[in-house]
Amino acid sequence: MLKYPKGVSTNEGKNIEIGESECKALFSVNGMTCSACAASVEKAIKRLPGIRQAVVDVLNNRALVFFYPSFVNEEQIRETIEDVGFEAALIEDDNGEGSTQICRLQIKAMTCTTCANSVEASLLAVHGVKKAQVALATEEAEIQYDPKLVSYHELLEAMEDSGFEAILLSTGEDISKVHLKVDGVSSNHSWRMVESSLQALPGVGTVDMDETLRKISLSYKPEITGPRTFIEVIDSMGSGSFKAMIYPEERGKDSHKQEQIRQYYQSFVWSLIFTIPVFLTSMVFMYIPGIKHAFDTKVVKMLTVGELLRWILSTPVQFVIGWRFYTGSYKALRHGSANMDVLIALGTNAAYFYSVYTVLRAATSKHFEGTDFFETSAMLISFVLLGKYLEVLAKGKTSAAIAKLIDLAPETATLLTLDSNGNVLSEKEIDSRLIQKNDVLKVIPGSKVACDGIVAWGQSYVNESMITGESRPVPKRKGDVVIGGTVNQNGVLHVKATRVGSESALSQIVRLVESAQMAKAPVQKLADRISTFFVPLVIFLSVFTWLTWFLAGKFHSYPKSWIPSSMDSFELALQFGISVMVIACPCALGLATPTAVMVGTGIGASQGILIKGGQALETAHKVNCIVFDKTGTLTEGKPLVVSTRLLKQMVLRDFYELVAAAEVNSEHPLAKAVVEYAKKFKEDAENQLWPEARDFAAITGHGVKAIVQNKEILVGNKALMVDQGITVSIEAEELLAEAERMAQTGILVSIEGEVTGVIAISDPLKPTAHDVISILKSMNVKSIMVTGDNKGTADSIARQVGIDTVIAEAKPEQKAEKIKELQGEGYTVAMVGDGINDSPALVAADVGMAIGAGTDIAIEAADIVLMKSNLEDVIIAIDLSRKTFSRIRLNYVWALGYNVLGIPIAAGILFPSTKFRLPPWIAGAAMAASSVSVVLWSLLLKNYKRPNKLDNLEVRQIRVE
């Protein structure tokens, strides 16, 4: 999360807001040998002021740094790296002026954290890539890149070169891009004619033709044109023989998941077909006298029928069905890393090739008697494939929240054709993907709203629970905003489309949730660090185990009775070594965090709480202090003028005409309340024009200033008047004090340097505010109110809700300063505000929560967006974060505990005392089960229930209403 640079006051840092250009520098760092080196470099860089992000790639000896040039420069960063003890040189610096696009890729064949880290490093090494995030749980990569320096085609090639197959899911261009399928076009001349006709349309950018697939891809400006226009143009050509439609969606992500599930299932079934006979001949038939004799029949010298049959049946399992483990190992080792595939390949090869050795010795010797382990390699591969199949099935369920959101969009819509007077001429059903901006759509009771828009006619109640989580239907009438994917309940509505396709609120929510599931939680770094040395350590332990048992047998350090009758000391040692190699599971560690984050963010989205990534989710569980804004957060945010007192002889209508002319230029809720009240004095209700305001200035946290009708008008608080040198009379002071006692906000109006009137504005408290503060206290969370309002009103509101600490008359930068003070005292601070004038404070806080965002979900400053205006969602967000992080902890305890306990048992630590030995195929089954169990444990989060205290609160709220 973006922070003000350390050592810089908020007054200096307040201009560092989302959207300000930042610099990027790439350094070569020589001398790093391990992840510990990379961590020390990263830590040193992040200690510098003005650093937004630092990524150190130990494999490619590079450090990528995002920073603010007003606080730090490339030379200071380079010197800092050298101070840590490494040689550093600037490779590239990029001032960030180029445009940025985002593309998402599906990455195949990633098996563990090591693979994900390798992919991320490969992407970051591509010139033009600004940021790359790789999620193992979703098998996706999200890349921010400069399209002037690199294209997504080159990113796909980079993935192929690194040994992983990549599928393009989406690019930044997709927002205004459509793919059409065209039938009936047979000649090159016809294709060129279609291309030129489309390019001639206003608002069309690029037109790409693929004659083989009969596919046309167009980029366009949605405010000017749209896909329906393109289809109409194509259909009108070729004497009606051309037919165009939206290109059938392949649903790349879903089809890939289904294909992956199908492949693992088929591989497992085929593996089982070959493995079951191998298992029966080695484990079952040997105990059945007649059958045992048949399989013990010699074929060549000491080679038996059973051994030959097991060799024949296990070979396709090892080299055909198990080929994926060889390719996975090769890709990992190519990048100087090792993953789970390496362990499986080594373990199964050891068992298989030792068995081949025994078979060949038996076929060439008259006296050799050995035991083969063909069943070990075959059963091991079978169990791993079963585990992977169950794992991908379970992982698919962790992203169910996104699938549900996507399914909310209706497939069709009813398009109305209107005459110049707004009367309906005709209506027809169209594909919802063909809706264009400014279309008028008919929404009947029980049907879904097809896109975001404004009600042009009719009134009804709309169920928005699937988008905002608000359970009660929301009344809609002419002029009200509706959200795509919501359900109309009882009246017919005519809706004018304002945001369509990927511009819609639903699409933005889906993108936000997808991005959240991509972002790594800081705790994930634990798994990343462990993964760097995990597999090499396991290989070392495996070899050490084999060697220890082998030497112990060679020098008769244990009784011969310990050795099973069917094997010798070498084979016993080999089994222990293989068991150690295959029982270790790096996958469970890699999945511990991302699967829980995926389910947690999905649950949040279904509750109307959009959590922007793992870091926000992790930090929220530590929150022990919440700073609340007053207006729109603790109060309803719908202030009303309740009284006006004039201190000079003046017509009230003229007074409000001057005040409204100044306030109409302000975005502050109190200003809007004043303007709304002033409209009552207008004789012409339709004509809402106000006199021109010259030299308008909004003084943040104080009020506004303007020249209206050649008179200087000031509207604001007492501090504004004092700053401008205007005397506030005793009468005005008394009126302000009276308003404050009644929890009202008093606004002073000065005309030509004299206080002329006092306007009292009331903003009622939210009914649940007091209960929410009380519940937070029971959760050991301190509540503070920071507001730009006067002290008297702020104190009155605070007493009503039960808040002890109040900071009043605070400017936005002072709110951020207070948050920094609290952080300095050791608090983990959350800021809850409306995301407009609270932006600096939302950025400064450890967790910024924007409340009541409705459809405006693109609040960059906030880490968590509460779609509803319900204050109790703050409690749900913190509680969900605590539950999710508790699950992550349990996942790590299980994943680490499994390896810590499993490896010694597989190494035979219990064998001397209990004679318990873990065969390699059982060790492999345990390894597969550990990954599946971590995913299933994360899936239990789907049963999340909000705190019981909130149910009682909701009952009281309904009673009040």
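**Exercise 1.** How many bridges join strand 19 (residues 460–463) to strand 20, and in which sense do the two strands run?

*Solution.* The model is predicted: local features need pLDDT of at least 70, side-chain atom pairs count only at pLDDT 80 or more, and totals for chains, interfaces and linings use all residues. Residues are numbered from 1 along each chain as its sequence is written, and side-chain values use heavy atoms, with hydrogens and water left out.

Step 1. Strands are DSSP runs (E, at least two residues), and helices are runs of H or I with at least four residues, numbered from the N terminus. Two strands pair if DSSP finds at least two bridges between them.

Step 2. Strands 19 and 20 are joined by 3 bridges and run antiparallel. Val-462 lies opposite Val-474 of strand 20.

Step 3. The open sheet that holds these strands has 3 strands in the order 20-19-22, paired antiparallel. Strand 20 (474–476) and strand 22 (487–488) are at the edges with a single partner strand each, so one side of each has no neighbour in the sheet.

**Exercise 2.** Determine how strand 28 (residues 703–708) is connected to strands 27 and 29, and describe its two faces.

*Solution.*

Step 1. Strand 27 (residues 693–699) is joined to strand 28 by 5 bridges in the antiparallel sense; Ala-698 has Val-704 as its bridge partner. The two strands form a hairpin with 3 residues between them, and Gly-701 in the turn has a positive phi of about 80°.

Step 2. Strand 28 also pairs antiparallel with strand 29 (residues 711–716), over 6 bridges; here Gly-703 is partnered by Gly-716. This hairpin has 2 residues between its strands, and Gln-709 in the turn has a positive phi of about 50°.

Step 3. Val-704, Ala-706 and Val-708 make up the covered face of strand 28, whereas Gly-703, Lys-705 and Ile-707 make up the uncovered one.

**Exercise 3.** Identify the residues with the most contacts inside the largest nonpolar core.

*Solution.*

Step 1. A nonpolar core is a set of buried Ala, Val, Leu, Ile, Met, Phe, Trp, Tyr and Cys residues joined through side-chain atoms within 4.5 Å; buried means under 20% relative accessible area (1.4 Å probe, protein chains only).

Step 2. The largest such core has 138 residues, and Ile-143, Ile-626, Met-849 and Ile-864 have the most contacts inside it. Helix 30 (residues 872–906) supplies the largest share, 13 residues.

Step 3. A second, separate core of 31 residues includes Trp-191, Val-207, Ile-234 and Leu-434.

Terms used. Buried means under 20% relative accessible area, exposed over 50%, partly exposed in between (1.4 Å probe, protein chains only).
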